[in-house]
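This report goes through a protein model for a reader who is new to structures. Please keep the sequence and the 3D view open while reading.

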Amino acid sequence: GAQSSNVIVGPQFDIHAGAGDQLNPRGCFDPVNHRFLVVWQDMPIISIEPGRLYGIFGQLIGSDGRPVGGTIPISTVSGSEWIDDGKVMDNRSKVIAYDTSSQRFLVVWSDHRNGVWNIYGQFVDANGALSGVNFPVSPIPPEDYQPMSSPVVEFDSVNNRFLVVGTRSPTSSGGYPQNLYGQLLNAGGSKQGALFQITDYI
């Protein structure tokens with residue numbers, strides 16, 4: 001049979017050339033419109049870019065490797081948004097999923113806007129526009145003070161829903177053991193059922 005080989009197509013190209021650090025990139029392919037969404041954690045150098053916020057940013061990339069539109073500010077609310085670097089989850093952890101029916105991406109990340117780590121999400125449409133606002137996936141204060149972070153997400157195209165999984169600490173002050181918990185979301189982002197425990201380490 002035919003054998004595939006890894007061949008570099010075209011030269012390297014800039015996705016984002018701003019000052020500061022762009023960390024922990026992740027990508028997801030849109031098979032309908034034949035483009036990629038790349039997201040990263042942005043940590044600017046304030047002395048060089050005063051007013052530039054820490055946060056989660058994105059960029060659409062066409063199938064030809066050219067940027068489509070400008071940089072997308074996905075979340076700059078708390079200044080403490082985080083795409084985990086692999087210390088808890090594998091460094092290839094998936095923080096973007098694509099809904100082929102609605103033709104939009106769901107991006108998830110760890111967020112400290114409430115004074116405790118929670119998981120937040122944001123929909124991004126196929127043209128790079130934000131769809132709705134940042135929303136909490138995990139329980140947040142004052143309902144719940146237990147930290148939850150290090151999310152991964154996948155889309156179920158049969159039942160048209162997302163599954164978000166993260167690690168959750170046993171107390172409001174953190175600590176161990178941390179267990180995996182999951183939350184189902186419908187295609188619109190509403191929760192389907194309650195947060196549920198996946199692992200049970202004592």
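## Salt bridges

D111 and R113 form a salt bridge, with 2.9 Å between the closest N and O atoms. A salt bridge here is a side-chain nitrogen of Lys or Arg within 4 Å of a carboxyl oxygen of Asp or Glu. The model is predicted: local features need pLDDT of at least 70 and side-chain atom pairs count only at pLDDT 80 or more, while totals for chains, interfaces and linings use all residues. Residues are numbered from 1 along each chain as its sequence is written, and side-chain values use heavy atoms, with hydrogens and water left out. D111 is buried, with a relative accessible area of 0%, whereas R113 is partly exposed at 25%. Buried means under 20% relative accessible area, exposed means over 50%, and partly exposed lies in between (1.4 Å probe, protein chains only).

How many salt bridges does the structure hold? There are five salt bridges in the structure. Another one joins E154 and K94, whose closest N and O atoms are 3.0 Å apart. E154 lies in strand 9 and K94 in the loop between strand 4 (67–75) and strand 5, so the pair ties together parts that are 60 residues apart in sequence. Strands (E, at least two residues) and helices (H or I, at least four) are DSSP runs, numbered from the N terminus. E154 is partly exposed at 42% relative accessibility, and K94 is partly exposed at 32%.

D144 and R168 also form a salt bridge, with the closest N and O atoms 2.8 Å apart. This pair links distant parts of the chain: D144 is in the loop between strand 8 and strand 9, R168 is in strand 10, and they are 24 residues apart. Are D144 and R168 buried or exposed? Both D144 and R168 are buried. As a general point, side chains of opposite charge can pair when their charged atoms come close.

Four strands form an open sheet in the order 9-10-11-12, with antiparallel pairing. Strand 9 and strand 12 stand at the edges with a single partner strand each, so one side of each has no neighbour in the sheet. From one strand to the next, the twist averages 15°. Axes for such angles are lines fitted to C-alpha atoms (for helices, over the stretch in contact), and angles run from 0 to 180 degrees between N-to-C directions.

Within this sheet, strand 11 (residues 179–186) and strand 12 pair in the antiparallel sense over four bridges. Two strands pair if DSSP finds at least two bridges between them. G182 has F196 in strand 12 as its bridge partner.

## A nonpolar surface patch

F196, in strand 12 (residues 191–197), is partly exposed, with a relative accessible area of 32%. Together with L163 and I198, F196 forms a nonpolar patch on the surface, with about 230 Å² of accessible area in total. Patches are made of residues with over 30% relative accessible area and no salt bridge; like charges are joined within 9 Å, and nonpolar side chains (Val, Leu, Ile, Met, Phe, Trp, Tyr) within 5 Å. Accessible areas come from the Shrake-Rupley method with a 1.4 Å probe, and for residues only the protein chains shown count as cover.

## A hairpin

Strand 7 (residues 118–125) and strand 8 pair in the antiparallel sense over four bridges. G121 stands opposite F135 in strand 8. The two strands form a hairpin with four residues between them, and G128 in the turn has a positive phi of about 90°.

## Backbone angles in loops

Most residues other than glycine have a negative phi, and most peptide bonds are trans. Q103 counts as partly exposed, at 30% relative accessibility.

N160 has a positive phi near 55° too. N160 is in the loop between strand 9 and strand 10 (161–168), and is partly exposed with a relative accessible area of 34%. The peptide bond from P141 to P142 is cis, with omega near 0°. P142 lies in the loop between strand 8 (130–136) and strand 9 (148–156).
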